[in-house]
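Here are some notes for a colleague opening this structure for the first time. Please read them with the model on screen.

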Amino acid sequence: MRGLLFFIFYLLFSPIGALRAQSAFDLISRHRNLSASNYCIYPDSILEAHPALTPAPAGKKPFYLSHYGRHGSRYLSNRIGYDIPYGLLSKADSMQLLTPLGQQVKQELKDIIDDSEGRWGDLTGLGKQQHRNIAHRMTEHFPEVFSGKAFIDARSTTVNRCILSMGSALQELMSLNPRLQVTMQATRRDMHYMNHQDKALRGIMKNDTIMKAFHAFCRSREQNPRLMALLINNPDSALDTQQQVLLNYYLLKTALIQQNTHMQTRTTLIDLFTYEEIHQFWQMENVWWYLTYGPTPISGSRQPYSQRYLLRQLIADADSIIRQPRHGAQLRFGHETIILPLTCLLGINGFDTAFDDLEQLEPSGWWACLVFPMASNLQFVFYRSDPADTDVLVKVLLNEQETWLPLPTDNAPYYRWSDFRDYYLRKLDAYGD
């Protein structure tokens, strides 16, 4: 709970905390794009400024940056999420029950489907720009890391949107410093830690107990008779209860993902929903991600350990670089299904907290949308006075904002690397393979 209390303080006094004010509802009311869970655009598209970073302790300079980032904004991964609401509206249309607004919404859905055809899961122009912006700010925040002939070891999963995200970041870095020594690869050999999918943990991710808890939470939030009446004359004659639930859910999800594409300016679907309805969607999505990738006690708080191989690799890579006199960065590009459990595994800002009562996630600050927007990233920044300095410090940035870790320190947000590696290696060893 100490971590979450710190996190609430951080939210209240950081730029995104100023937007948040006192509740998720208030934040969504000001910036409804933030309600989109893993479809959120990166905060630099919303916030005017990033917070100032805490100066390094006297004599310490950054020399190495280790990074794991999600791909940037993308199109919907497949057309099923669009076909469901379009098919349900088409069913009502075939019965001549669509209202004039329902007809308009059906056409907007058709336009979105046509625009997305052949682009399913592709990186958008906004996604490329997000990674260029992040790379640019890296060099501004940590110029010592990217100076001269610094090495840049860039790796991506084998998914195109991740490879293109990597390319966009490297393009920006090279434009700023052509002397960089850059290597990049996207190979299956790295997938065991870059995008590990633990079969055993995935087997319990959606077990009967978890699904029962999820549906119990959603039961009072998933109906939207107001929307049904706007779109369909006598909706109960056209769609059964479950179909109405699906139409409400997928229509709002469709509206929210358009913020990542140029269709954002060509559709008004989001205006169909009230802020209360959008907030309820946010609550359901937040609980879903907590139950499936977070430290829920229902599955023994084990899901974050799906990223144990990645954390071990991060530690091993850092140990290797620390022993050398060089400076530079290791950049890794992957997915939100890695970023979220890794954040929980590290216990960043209290995201390792287990909740028995799902209603407590929101007031306690466990908000997945702040962890894994499009282009989300973790940056581990290492400091020393010179290559002979063995008292190496590290700080962790989540989406470019300084974080709190469950480690002792007299100089937060800086931690001794020896404390960091010992704490997390013991944690991983206790879990086992």
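1. Disulfides. A disulfide is a pair of cysteine sulfur atoms within 2.5 Å. The structure holds 0 of them. Take Cys344: its closest cysteine sulfur is in Cys369, 13 Å away, which is too far for a bond. For Cys369, the closest cysteine sulfur is in Cys40, at 5.2 Å, and that is also too far for a bond. Cys344 is buried at 2% relative accessibility, and Cys369 is buried at 4%. (Buried means under 20% relative accessible area, exposed over 50%, and partly exposed in between, with a 1.4 Å probe and protein chains only.)

2. Basis of the values. This is a predicted model, where local features need pLDDT of at least 70 and side-chain atom pairs count only at pLDDT 80 or more, while totals for chains, interfaces and linings use all residues. Residues are numbered from 1 along each chain as its sequence is written, and side-chain values use heavy atoms, with hydrogens and water left out.

3. Salt bridges. How many salt bridges does a search of the whole structure find? The count is 24. The term covers a side-chain nitrogen of Lys or Arg within 4 Å of a carboxyl oxygen of Asp or Glu. Side chains of opposite charge can pair when their charged atoms come close. One of these bridges joins Arg79 and Asp83, with 2.9 Å from N to O. Arg79 is partly exposed at 31%, and Asp83 is partly exposed at 30%.

4. A bridge between helices. Asp429 and Arg312 meet through their side chains in a salt bridge of 2.8 Å, N to O. Asp429 lies in helix 18 (residues 417–431) and Arg312 in helix 15 (residues 308–322), so the pair ties together parts that are 117 residues apart in sequence. Asp429 is exposed at 52%, whereas Arg312 is partly exposed at 33%. (Helices, H or I with at least four residues, and strands, E with at least two, are DSSP runs numbered from the N terminus.)

5. A bridge within a network. Asp391 and Arg416 form a salt bridge at 3.2 Å, N to O. Asp391 is in the loop between strand 5 (377–384) and strand 6 (393–398), and Arg416 is in strand 8 (residues 415–416), so the pair ties together parts 25 residues apart in sequence. Salt bridges that share partners join Lys60, Asp389, Asp391 and Arg416 into one network. Asp391 is partly exposed at 30%. Arg416 is partly exposed at 39%.

6. Gly59. Where does Gly59 lie? Look in the loop between helix 3 (24–30) and strand 1 (61–70). Gly59 is exposed at 51% relative accessibility. Its C-alpha atom is separated by 9.3 Å from that of Tyr383, 324 residues apart along the chain. Leaving aside neighbours within four places in sequence, Gly59 is in contact (heavy atoms within 4.5 Å) with Arg384 and Ser385.

7. The largest pocket. About 1,100 Å³ of space lies in the largest pocket. Of the 35 residues that line it, the closest to its centre are Tyr39, Tyr249, Tyr250, Lys253 and Trp288. (On a 1 Å grid over the protein atoms alone, a pocket is an open set of points where a 1.4 Å probe fits, with protein on both sides within 12 Å along at least five of seven lines; lining residues have an atom within 4 Å of a point.) The volume is the space filled by probe spheres set on the points.

8. The pocket lining. Which helix gives the most to the lining of the largest pocket? Helix 13 does, with 8 residues. Several helices each supply at least two residues, including helix 4 (80–94), helix 14 (275–293) and helix 16 (336–346). The lining divides into 17 nonpolar, 10 polar and 8 charged residues. (Ala, Val, Leu, Ile, Met, Phe, Trp, Tyr, Cys and Pro count as nonpolar; Asp, Glu, Lys and Arg as charged; the others, Gly among them, as polar.)

9. Backbone points to check. Most residues other than glycine have a negative phi, and most peptide bonds are trans. The bond from Ala412 to Pro413 is cis, with omega near 10 degrees. Asn234 is not a glycine, yet has a positive phi of about 55 degrees. Asn399 also has a positive phi, of about 50 degrees. Asn234 is partly exposed at 49%, whereas Asn399 is buried at 4%.
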